[in-house]
Amino acid sequence: MAGKLSPNEIRDITTLLEQGKPLPEKYRFVLFGDQRNVELVWDGKSNAVTDVQLPFQVIEQVDEPRSEKVMKQQFDLFDAASGRQLKGWSNKLIWGDNKFVLSSLRSGPLRDEIEKNGGIKLVYIDPPFDVGANFEMDIEIGDSRFSKEPNILEEIAYRDTWGRGSDSFLSMLYERIKLIKEIMHPNASILVHCDWRQNSNIRTLLDEVFGSENFGNEIIWKRSNPKSNITWNLAVITDTILRYSKSEDFTYNQIYESHSEEYVKTAYNHKDDGGY
């Protein structure tokens, strides 16, 4: 027992347990010695995380042919004739519910292989923003207007992610953040992209999981095409990217600004089909 209880406190706890009522929040710290200084609490919060190991099945393989020089350096990963990747965990796009994917990466056979190759040093996630969407869509065809109802997968996604509003959203994100932390290298960092709806809650959640001392930066991402809000008459022009590290011993590669605009025009002079 973390703290000493008075006879009156013992009596109150016993009475509440007998009546099947929840204990006041103060007893959690007295009974269990929870030393977390910052915590976000919501209805349905749970410390349980998914623990499954699912096999990864190759559905499609997209590999660009490697040069002969690269093939010699990585001969054990790629087929010399076709350039196909034969093994290894890098360069993989994994399709599926990321909760089960993360659990499988944590507990499955790829875990040892990932750690032998240096581990996961950087994580970037762009979770669905808590917009409260229910996947219904109005469609106009000629002069007629139809309402598209959500399919079964969309209904499940809505129920699990927004079914209880912010509570559902935070529960969804909390479990995945905890799974991500477990598979990160001790020197790794994570970047979490969010917007004005939940950025304050997400930062508090990340403080709890990673520790406020491991908060690195709040990066402001300015939108290129902001839209005015009729109610407030002010445009929402930014998103937020929160950077946390797993420990104080994190890897950071210095970012250098180019010395001249001419260098940028010379070094970054290619455009894709969209003109970017």
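Here is a short chat about a predicted model of a protein chain.

In this predicted model, local features need pLDDT of at least 70, side-chain atom pairs count only at pLDDT 80 or more, and totals for chains, interfaces and linings use all residues. Residues are numbered from 1 along each chain as its sequence is written, and side-chain values use heavy atoms, with hydrogens and water left out.

Visitor: How many helices and strands does the protein chain have?
Guide: Helices are DSSP runs of H or I with at least four residues, and strands are runs of E with at least two, numbered from the N terminus. On that basis, the protein chain comes to nine helices and six strands.

Visitor: How many residues of helix H4 are buried?
Guide: Buried means under 20% relative accessible area (1.4 Å probe, protein chains only). H4 spans residues 98-107 and is mostly covered. Among its buried residues are Val 101, Leu 102 and Leu 105. The count for H4 is seven of ten.

Visitor: What do the buried residues of H4 pack against?
Guide: Contact here means heavy atoms within 4.5 Å. The partners of those buried H4 residues are helix H5 (110-116) and H7.

Visitor: At what angle do the axes of H7 and H8 cross?
Guide: Axes are lines fitted to C-alpha atoms, for helices over the stretch in contact, and angles run from 0 to 180 degrees between N-to-C directions. The axes of H7 (residues 166-183) and H8 (residues 199-210) come within 11 Å. Their crossing angle is roughly 35°.

Visitor: Which H7 residues meet H8?
Guide: On the H8 side, the residues include Ile 202, Leu 205 and Phe 210. Across from H8, the H7 residues are Phe 169, Leu 170, Leu 173, Tyr 174, Ile 177, Lys 178 and Lys 181.

Definitions and conventions:
Buried means under 20% relative accessible area, exposed over 50%, partly exposed in between (1.4 Å probe, protein chains only).
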